[in-house]
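The following exercises concern a predicted model. Each task is followed by a solution in steps.

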Amino acid sequence: MSAALAAGHRRASQADPHAGLLLPQEASALDLGVDTDGDGLSDTIEARIGTDASEPDSDGDSLSDRVEVLGFTLASVPGLEWYTDPLSADSNGDLRDDGTEWGPDTSGPAIDTDGDGVPNVFDDDDDADGVNDGIDLSPIGALRTEFDESNPFEVEIDGLSADGTPAFVDFQVRPTEQDRLDLGLQPLDWPADREGQVRDVNGSTGDMQLVPMLEIVLPDPAHVLPPTDELAPYSVSVKSDAGAAGERVAYVPLSALTDELTGQRIGFSGRMRYRSQANWGAAHQVRVVWAVQVKNDIAVSSCPPAGEPQPDGCATTPRYVNDQPQIIHRYYDSWTLTGLRVTEERGTEMGVLSVDPDIDGPAYQDNM
């Protein structure tokens with residue numbers, strides 16, 4: 001049984017939240033059936049459960065108080081009742097409000113996108129892609145396709161502006177081998193070594209790191225590839241591909257996505273900077289590549305004369321310059337795309353309104 005389903009059982013096995021309450025059709029002398037907000041719950045009932053009798057949706061999640069109080073069942077899990085909280089817009093705390101997760105038809109049960117028997121309103125990962133809803137760029141749109149070196153993900157975007165507006169494509173990815181989530185970006189120690197091509201003569205730790213990157217092949221970069229100075233703030237590097245005329249290859253660094261509650265890594269994210277053009281050109285091919293980065297101790301043949309500033313390592317014999325970062329190997333990985341977002345940055349327009357207090361009376365200005 002999944003943790004989410006177990007949580008759902010705990011939630012659903014609680015006492016019926018409207019048990020003992022008189023529904024409108026059962027009004028007694030204590031409940032005259034007055035329903036000020038017309039949500040199907042009498043004012044007396046709303047007073048008992050703490051909802052607002054003047055608001056049909058007390059928590060503002062687009063679900064009426066009555067819908068939340070009456071609960072629902074799923075056909076896939078008969079006999080199990082689910083109740084969302086009419087006083088909380090996000091009953092399961094996954095940063096997506098109940099109305100959004102319920103689905104378009106509030107006259108029926110909430111939807112269960114991944115079919116795991118837990119409705120979205122109680123499922124922390126609606127599409128079962130391994131990335132929690134609160135940080136998932138596409139919380140109900142996971143692709144099950146595995147991409148790799150021979151089967152890259154292809155990006156082709158229509159409808160961008162034709163004026164060179166800054167555009168961004170945000171990727172969220174997960175390696176097929178889950179242990180890569182923990183190994184990536186972690187400092188690893190290379191043993192003491194004076195003989196190999198990778199050397200650690202000064203006994204330092206954290207000599208090696210596996211760095212995940214997106215490799216994006218742009219067959220025709222003239223359309224949407226911005227100049228180097230616009231890519232630099234995002235640490236995106238570009239090189240020419242000798243195998244094809246005009247082709248460029250962009251390398252986008254990936255950072256770790258972490259579950260805020262458990263601290264567990266759940267994926268990687270990266271942002272590619274583009275420049276909007278009317279014609280995107282041929283599809284861009286996206287792959288996940290790992291770079292093996294080392295801090296190498298490099299032997300040097302000579303050092304500055306005595307009395308002059310000495311590089312780190314020149315005091316030893318033979319002489320070394322220590323901890324020089326190098327990429328010694330790259331290899332491709334298989335992965336899934338868990339989220340994708342395309343945005344154009346159009347800037348912000350601001351206006352300032354002022355009044356003359358001698359004419360218009362006292363003026364009040366909020367902090368901006």
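**Exercise 1.** State where Asp179 is placed, decide whether Asp179 is buried, partly exposed or exposed, and name the surface patch that includes this residue.

*Solution.* Step 1: Asp179 is located in helix H5, which covers residues 179–183. Step 2: the relative accessibility of Asp179 is 44%. Buried requires under 20% and exposed requires over 50%, so Asp179 is classed as partly exposed. Step 3: together with Glu146, Glu177 and Asp182, Asp179 forms a negative surface patch.

**Exercise 2.** Determine how many aromatic pairs are counted, and classify the pair of Phe147 and Trp335 as stacked, tilted or edge-to-face.

*Solution.* Step 1: the count is seven aromatic pairs. Step 2: the ring centres of Phe147 and Trp335 are 5.1 Å apart, and their planes stand at 40 degrees. Planes under 30 degrees apart would be stacked and those over 60 edge-to-face; the pair is therefore tilted. Step 3: Phe147 belongs to the loop between helix H4 (98–102) and strand E3 (153–155), whereas Trp335 belongs to strand E12 (residues 335–344), so the pair ties together parts 188 residues apart in sequence. Step 4: Phe147 is buried, at 8% relative accessibility, and Trp335 is buried as well, at 0%. Step 5: Phe147 and Trp335 form one aromatic cluster with Phe153.

**Exercise 3.** Classify the ring pair of Tyr274 and Trp280, and state whether these residues are buried or exposed.

*Solution.* Step 1: the ring centres of Tyr274 and Trp280 lie 4.9 Å apart. Step 2: their planes are at 55 degrees, so this pair is tilted. Step 3: Tyr274 and Trp280 are both buried.

How values were computed. Residues numbered from 1 in each chain as written. Predicted model: local features only at pLDDT ≥ 70, side-chain atom pairs only at ≥ 80, totals over all residues. Heavy atoms only, no water. Patch = residues over 30% accessible without salt bridge, like charges linked within 9 Å, V, L, I, M, F, W, Y side chains within 5 Å. Areas by Shrake-Rupley, 256 points an atom, 1.4 Å probe, with all protein chains shown as cover. Salt bridge = Lys/Arg side-chain N within 4 Å of Asp/Glu carboxyl O. Lys, Arg positive; Asp, Glu negative; His and termini not counted. Charge placed at Lys NZ, Arg CZ, Asp CG, Glu CD. Helix = DSSP H or I, 4+ residues; strand = E, 2+ residues; numbered from the N terminus. Buried < 20%, exposed > 50% of the residue type's maximum accessible area, 1.4 Å probe, protein only. Phe/Tyr/Trp six-rings, centres within 6.5 Å; stacked < 30°, edge-to-face > 60°.
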